[in-house]
Amino acid sequence: MTKIDELREFLVEFHTRYPGATAEALKNVRDAAGRTTYEAFVDTVVQNASPDARILELGCGDGIVLAMLAERLPNAELTGVDAVSPDIEIARRRVPSATLLAGDFTTLPFPVASYQCIIAHLVLMLSGPLEPVLEQVERALTPGGAFLFVADDVAVCGTRYSELIGVGLAAAGVESATRRFADVVDKRLYDEAELRELLLSHRLSLETVYRYEVNGALSPDAAWELFSRMYPIGTLAPELNAKARRAIEDDVRSSPREVNVAMQLVTAKRLHG
Ligand SMILES: C[S@@+](CC[C@H](N)C(=O)[O-])C[C@H]1O[C@@H](n2cnc3c(N)ncnc32)[C@H](O)[C@@H]1O
């Protein structure tokens, strides 16, 4: 089994155990304008998509973004795909007007030039090498269409957020379950020049890279809500999980600094021809 297969298996197992985990984790942290990362992303999608656009979301999870889009763009035709069936089921109930597909978006046979907008929120840093994803985007996007995605920014996440993950793991006495996947992350996501070149080789022109943070001065309980749904802590066995919880809550109580998660929002356009 390759590392990427292992990562996929890990993600399916985690998200099957915790449907809706990502949205639940990020509900209490907001950007400088007071928006959750979902609201910041959806604002950008709405700016880049026509009201009746066909929009495809890669790794749609429980459908939180699709639900927001269904409200903001009621005439858009929405499709979401995710490898995790319980999340897809939630999305189906939540957005009955959308087409929801369960499967791996790097291999699904999306029709050629059929979406005006392809989006992904907190997915591409979990997808391994970007080429198979970009091949799909290049094929499925109409010329002139928009490719928009958010990835959390591993280079900047190293402040209070990582500190508290470290506190939890140290209390549990274990390594992060996701450490073994660190080299599977395609680092070109975070290097603007390399990303531009890579996108261009798939007939996508990089337009903007917008960096933002979602922050929150969280209560110990709210901090636990965030961290218990993050991969390194959410995968701990129950007795280790309890130790991590105590340590994280104590640390937040004694040092109530804001918790921050750094994000990078990229917009690109499919070139003609
Ligand atoms: C961190 S979650 C984000 C979910 C949702 N976009 C959100 O922001 O709430 C990452 C999601 O990407 C999905 N995913 C990652 N790689 C995938 C692939 N190759 N095919 C289908 N889904 C994938 C996972 O199953 C998981 O639901």
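This report describes the aromatic pairs and the ligand surroundings of a predicted model.

**Aromatic pairs around Phe10**

The structure contains nine aromatic pairs in total. One of them joins Phe10 to Phe181 in a tilted arrangement, with 5.5 Å from centre to centre and 55 degrees between the planes. This pair connects distant parts of the chain, since Phe10 belongs to helix H1 (residues 3–17) whereas Phe181 lies in the loop between helix H7 (160–172) and helix H8 (192–200), 171 residues apart. Phe10 and Phe181 are each buried.

Phe10 also pairs with Tyr231: the ring centres are 5.7 Å apart and the planes stand at 65 degrees, so this pair counts as edge-to-face, because planes over 60 degrees apart fall into that class. Tyr231 lies in helix H10 (residues 231–234) and Phe10 in helix H1, so the pair ties together parts of the chain that are 221 residues apart in sequence. Like Phe10, Tyr231 is buried. Beyond these two pairs, Phe10, Phe181 and Tyr231 belong to one aromatic cluster that also takes in Phe14 and Tyr18.

**A charge over a ring**

Another contact that involves an aromatic ring is the one between Arg54 and Tyr115, in which the charged end of Arg54 sits over the ring of Tyr115 at 5.4 Å from its centre.

**Surroundings of the ligand**

There are 20 residues around the ligand, and those that come nearest are Tyr38, Gly59, Asp82, Asp104 and His121.

On its own the ligand has 590 Å² of accessible area, and the protein covers 97% of it.

Which element gives the most to the shell around the ligand? That element is H1, which supplies three residues; H1 is also the helix in which Phe10 lies, as described above for the pair with Tyr231. Sorted by class, the shell around the ligand is made up of eleven nonpolar, six polar and three charged residues.

Note on methods
Residues numbered from 1 in each chain as written. Predicted model: local features only at pLDDT ≥ 70, side-chain atom pairs only at ≥ 80, totals over all residues. Heavy atoms only, no water. Phe/Tyr/Trp six-rings, centres within 6.5 Å; stacked < 30°, edge-to-face > 60°. Helix = DSSP H or I, 4+ residues; strand = E, 2+ residues; numbered from the N terminus. Buried < 20%, exposed > 50% of the residue type's maximum accessible area, 1.4 Å probe, protein only. Lys NZ or Arg CZ within 6 Å of the ring centre and 35° of its normal. Near = heavy atom within 4 Å. Areas by Shrake-Rupley, 256 points an atom, 1.4 Å probe, with all protein chains shown as cover. Nonpolar A, V, L, I, M, F, W, Y, C, P; charged D, E, K, R; others polar.
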